[in-house]
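Please work through each task with the coordinates open before reading its solution.

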Amino acid sequence: MYSMIYLVVINLYSTITLSQCQDTINMTDLRKCKLTHKGLEYTGPVSKTAGGVRCQFWETTNPIHKPAEGIEDTNFPDGTKKAARNFCRNPTGQEDGPWCYSMDANLREDFCDVPLCIFT
């Protein structure tokens, strides 16, 4: 269902042999972390808020919380709200990173705990 996306970082200033590749190449699964603090590019499967509340689908006919005006398909790295399902995203460019509308009637929206990618 999901394709694995990897970022390969290679030190371009040195010559490497195949035996050195393991030490020189860092493979990071980008579905498990965000590249930037805002996480505008994040397309991973986290679908709960930092507090553990399940996320509402971005495109639904019976939302608990009506999405804000101006959130369009083009605001999602997935291409559409439907493709973004109920995953944490940042379609509004919030400084604190990916968020979602919650399934809790008393909590409109909350940020998600998506870690920042660390390259070693």
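**Exercise 1.** How many disulfides does a search of the whole structure find?

*Solution.* The model is a predicted one, and the search of the whole structure returns 3 disulfides.

**Exercise 2.** Determine the handedness of the disulfide of Cys 33 and Cys 117, and state which parts of the chain the pair ties together.

*Solution.* Begin with the sulfur atoms of Cys 33 and Cys 117, which lie 1.9 Å apart. The torsion about their S-S bond is about 90°, so this disulfide is right-handed. Cys 33 belongs to the loop between β2 and β3, whereas Cys 117 belongs to the segment after β4 (109-111), so the pair ties together parts that are 84 residues apart in sequence. Finally, Cys 33 has a relative accessibility of 8% and counts as buried, and Cys 117, at 9%, counts as buried too.

**Exercise 3.** Describe the link of Cys 55 and Cys 100, and then the surroundings of Thr 49.

*Solution.* The sulfur atoms of Cys 55 and Cys 100 are 2.0 Å apart, and a torsion of -70° about the S-S bond makes the link left-handed. Cys 55 sits in the loop between β2 and β3 and Cys 100 in strand β3, 45 residues apart. Turning to Thr 49, this residue is placed in the loop between β2 (26-29) and β3 (99-101). Its relative accessible area of 4% is under the 20% limit, so Thr 49 is buried. Leaving aside neighbours within four places in sequence, Thr 49 has contacts that include Cys 55, Cys 100 and Cys 112.

Notes: Residues are numbered from 1 along each chain as its sequence is written. This is a predicted model: local features need pLDDT of at least 70, side-chain atom pairs count only at pLDDT 80 or more; totals for chains, interfaces and linings use all residues. Side-chain values use heavy atoms; hydrogens and water are left out. Helices (H or I, at least four residues) and strands (E, at least two) are DSSP runs, numbered from the N terminus. Buried means under 20% relative accessible area, exposed over 50%, partly exposed in between (1.4 Å probe, protein chains only). Contact means heavy atoms within 4.5 Å. A disulfide is a pair of cysteine sulfur atoms within 2.5 Å.
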